[in-house]
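This report concerns helix packing, nonpolar cores and one backbone feature. The sequence and structure are shown first.

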Amino acid sequence: MKVLVTGGAGYIGSVVAQQLLAYGHQVVILDNLSSGHADTAVPGAQFVDAPLSEAHRVLSTGDGESPFDAVIHLAAKSLVGESVEFPERYWHGNIVATLQLIDAMRSAGVPRIVFSSTAAVYGNPAAGLPDGLITEDHPTSPINPYGASKLAIDHMLAAEARAHGLAAVSLRYFNVGGASGSLRERHDPETHLIPNLLKVITGERPHAELYGVDYPTADGTAIRDYIHVLDLAQAHLLAMEWIEPGVHEVFNLGTGVGTSVRSVIAAVEEHTGGELPVVERPRRPGDPAHLVASGEKARATLGWEPQHDIHAIVRDAAAGLTG
């Protein structure tokens, strides 16, 4: 297939593009480098330095070029704190920009899209979930504009599928980590736990910060579902192949295994041989104690099976610092 990967110079997008190429697909990356990096636009892919508003130009077939078969849409603004302070950036950067992309796809006759959604659409799930796992049927109730913008796009895709026959899948990520060689997390600012712990190991930060030690969990720290970026990328390829015209489907991407913050700290120390000085902080407002996905629907429908545990995630993230 010929695939447009929006945000393909970012952390997840670069790994998705890498995997697409490995499976023989033709890849065009669209990224304005607002948060991505030119050196992560993987060799073998065509790179277009432009915003989503230029998608119509890229998707138009022109002078004998083959038409696009699919879009994998990862370009987005994704900082929760920023979304609270400047929500308008998320209405424009996520919702409006995606509408422009969908309009361009419809005009160019591109039949399918795989969308990077998020577990943030669920907000703070209530206690007492069956098996403690969040399924796709769980009520959506985002608590910040970032999550709200992603949920709006989910609704947008569902309507587009019904009205115009678009084949659409939304993949709701839980906590992504790990690396594929040198393709690793390079966010600025960095808000994710594992890369920030590794910054302590490398001396870029003086200590680790542990927010909340009084949660109702075994060790008092919050529990999250960590998924390797390679497993995540594989889910995109499977969804792109499975996708059905006129249908919008949602899949949670998680392992079904929860890992506490203290356990992640221990894994980083184990795999780096370093010691992490830890400063304990109060809980952050809105942080739930337990967020773990049921990935059963993706397994049953897409044949997707995560291959990496938290130790592999930490090991590859640490190796990626020098990879």
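Leu 33 is partly exposed, with a relative accessible area of 26%; partly exposed lies between buried, under 20%, and exposed, over 50% (1.4 Å probe, protein chains only). This residue is in the loop between strand S2 and strand S3 (46–48), where strands (E, at least two residues) and helices (H or I, at least four) are DSSP runs numbered from the N terminus. The phi angle of Leu 33 is near 65 degrees, a positive value in a residue other than glycine.

The model is predicted: local features need pLDDT of at least 70 and side-chain atom pairs count only at pLDDT 80 or more, whereas totals for chains, interfaces and linings use all residues. Residues are numbered from 1 along each chain as its sequence is written, and side-chain values use heavy atoms, with hydrogens and water left out.

| Helix pair | Axis distance | Crossing angle |
|---|---|---|
| H1 (residues 11–22) and H7 (residues 229–242) | within 9 Å | roughly 60 degrees |
| H6 (residues 193–201) and H8 (residues 261–272) | 10 Å | about 45 degrees |

Axes are lines fitted to C-alpha atoms, for helices over the stretch in contact, and angles run from 0 to 180 degrees between N-to-C directions. H1 is oblique to H7, and H6 and H8 are likewise oblique to each other; angles under 35 degrees count as roughly parallel, over 145 as roughly antiparallel, 65 to 115 as roughly perpendicular and the rest as oblique.

The contact (heavy atoms within 4.5 Å) of H6 with H8 involves Leu 193, Ile 194, Leu 197, Leu 198 and Ile 201 of H6 and Val 261, Val 264, Ile 265, Val 268 and Thr 272 of H8. By class, this contact has nine nonpolar, one polar and no charged residues. Ala, Val, Leu, Ile, Met, Phe, Trp, Tyr, Cys and Pro count as nonpolar, Asp, Glu, Lys and Arg as charged, and the others, Gly among them, as polar.

A nonpolar core is a set of buried Ala, Val, Leu, Ile, Met, Phe, Trp, Tyr and Cys residues joined through side-chain atoms within 4.5 Å. The largest has 37 residues, and among those touching the most other members are Ile 12, Leu 171 and Val 176. H7 gives the most to this core, with seven residues. Leaving aside neighbours within four places in sequence, Val 176 is in contact with Tyr 11, Ile 12, Glu 185, Ile 227, Val 229 and Leu 232. A second, separate core of 24 residues includes Leu 52, Val 71, Val 110 and Phe 115.
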